[in-house]
Amino acid sequence: MYAEYSSEEFEKKYTYHGKDLGAIWSPEKTDFRLWAPTAQNVQICFYHSGTAGENDLIRRLSMTPDQQGTWIATAEGDLNGIYYNYLVDVNGSTVEACDPYAVAVGVNGNRAMVCNLKSTDPEGWEQDRPPVISDNYTDYVIYELHVRDLSSLASSGITNRGKFLGLAETGTSLKSGEPTGLSHIKELGVTHIHLLPVFDYGSVDEAHPGKEYNWGYDPVNFNVPEGSYSTDPFDGFTRVREMKQMVHTLHQNGLGVILDVVYNHVYHTFEFSMNQIVPGYFSRENGDGVLSNGSCCGNDTASERAMVRKYIVDSVNYWADEYNVDGFRFDLVGLLDVETIQQIISTVREKHPHVMFYGEGWNLTTQVTKPDTALAVQQNAWMLPEFAFFNDTIRDTIRGSVFDYHLPGYVSDGWVSKEHLLRCFQGRMDWSCKPNQIVNYVSCHDNHTLHDRIAEALPQAKEEELARRSRLAAAFTLLSTGIPFFQAGEEMLRTKKSSTGKYVGNSYRSCDRINGIKWNRLKEAEVKKTVRYYQGLLRLRKKHSLFRMADADQVSRCITLMKDTPEELAVFKLQNEFETILVAFNPSTHPVPFSLPEGKWQVFVERDRADDSVLYEISGEAEIAAISAFVAILMK
Ligand code: CA
């Protein structure tokens, strides 16, 4: 029934290209422009507060139809901090909707707020610069974090628990001295913090944020920070100011910020503002009124429609421009079309050439509304050379399948051919063109943590063995070609155990006790060792460009599988004109003797130790310890 939205005729008549949608504030007046091509009448309602249901209307202002289906109005005077909604007559009814282009909102995102954005800039914002810049994504290391998890538990020692500002606190530690929060992350050696959704989502009541927990994959207002992470969700300025403060502090501490953006669906299909204002326009349906649901969240975004595409492109640009964000992770990007992603990358890169892009390119069933729409799935990676995709092959190979979580992976004693391991280590997938397109990982927020996944496969294994197997997985992932990525706390053997002792595989709405980072575990011996191991691996990766190659041909030339090595071992040789590195993996439960090639070797990784400085020198016979990685570099 909404097929006409995707027709050429509709798009020709109603595609608006201007940059002034939303409320543009100045001290003298505020200009409003709304795209509502099928509306019969539109008014703006101004309110004192941002709380829906409050009977505090200031006045109404009629809008005038203007070009390409837009409506305009100007309100005289300084409206900074005034809340507003649109009252739209459409299809025979009158709806009150938030502004899809709102940049600030009241509690729970029900009313938009006119905002002088400049007034939300933290001190020093004009000097804010991207902290990490490289031509190659392979130089980056990504740490995936939920804002609230970092500081929800008291052991974090963080004051602003569960808030944006909690991530901006430095110098926090356990009473025994181990750094927590931002200070811990800084010492780890990652380059970017990837934040789970921080746009305004709907599943947590901002008025009582302690009551519920959610990952936040349920978008309400795409261009506004989530209120439950602010210290005052009722005040429209606070969340904006505090999120900027967080970004600025992370930048000052040398860390880039990546946002997890969820444009593929919305929280409530018909309550989403654009779907209220232009009924059903934002979402795909099959022509018979049945919504497409490849997202499994009730609806799929019709990114192929001109004004949806513009909305997404504008939104990503807004976060890059206004919040100085350094990258974007696209949730279920396989539901969005290639053209939209191409436009996002080219427009953002004009102003911010360092910004990185990646996403989940899974192939899902969705009902696109225009013929010949190419979707941003792994198989179409060649159309998106500057876009990286999560590498599910290395994930399932090393840790084991996400679908049958009792099956062992390579690090839990599963058999994998050495040729397949080589392809994983080289970051060479059938669908990828270059290592910059490969995000290597063995844990993220979805499914079990790495520790728990190994424990599911090996229920008899003791903690010490689980720790060794986790470190082996880390060595493989962090030294492989591509972009290393891991879930916050993986380096602390993160576990999500329920009160009945079960490992929780999908904790999207579990409590803080399950999801929160358990900083007091930093006192445990195996956790300490593992944190140091990750730090050492990342320093080693940073120091040697052979681990960070970005050219696919160079990788094929420089990384080879050593033949005639013991059956238990996979040994890779990394060699260029400057150095020769041996990387060996032994997932077996016994030590394996290994004859080193001729020459004297310096060892950097062995047993539970990893470093960028030499642990010891060796030649001739080496022994690769049970369940461990081994890295040695040939002395000149
Ligand atoms: Ca919210």
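The lining of the largest cavity has eight nonpolar, no polar and two charged residues. Here Ala, Val, Leu, Ile, Met, Phe, Trp, Tyr, Cys and Pro count as nonpolar, Asp, Glu, Lys and Arg as charged, and the others, Gly among them, as polar. This is a predicted model, where local features need pLDDT of at least 70 and side-chain atom pairs count only at pLDDT 80 or more, while totals for chains, interfaces and linings use all residues. Residues are numbered from 1 along each chain as its sequence is written, and side-chain values use heavy atoms, with hydrogens and water left out.

A cavity is a set of points, on a 1 Å grid over the protein atoms alone, where a 1.4 Å probe fits but cannot get out; lining residues have an atom within 4 Å of a point. Points are joined across faces, edges and corners, and the volume is the space filled by probe spheres set on them.

Which residues line the largest cavity? They are Leu 21, Arg 33, Leu 34, Trp 35, Asp 99, Pro 100, Tyr 101, Met 274, Ile 277 and Met 307. The space inside is about 80 Å³. Strand S2 (29–35) gives the largest share of this lining, three residues, and helix H5 (273–277) also supplies at least two. Helices (H or I, at least four residues) and strands (E, at least two) are DSSP runs, numbered from the N terminus.

The second largest cavity holds about 70 Å³. Its lining has two nonpolar, three polar and three charged residues, including Gly 489, Met 492 and Arg 494.

Now the helices. The axes of H4 (residues 236–252) and H6 (residues 306–323) come within 11 Å and cross at roughly 70°. Axes are lines fitted to C-alpha atoms, for helices over the stretch in contact, with angles from 0 to 180 degrees between N-to-C directions. H4 and H6 are therefore roughly perpendicular, a term for 65 to 115 degrees. Val 240, Met 243, Lys 244 and Val 247 of H4 meet Trp 319, Glu 322 and Tyr 323 of H6, contact being heavy atoms within 4.5 Å.

Notes
1 Å grid on protein atoms, 1.4 Å probe; cavity = no way out; pocket = protein on both sides within 12 Å on 5 of 7 lines; lining within 4 Å. Parallel < 35°, antiparallel > 145°, perpendicular 65-115°, else oblique.
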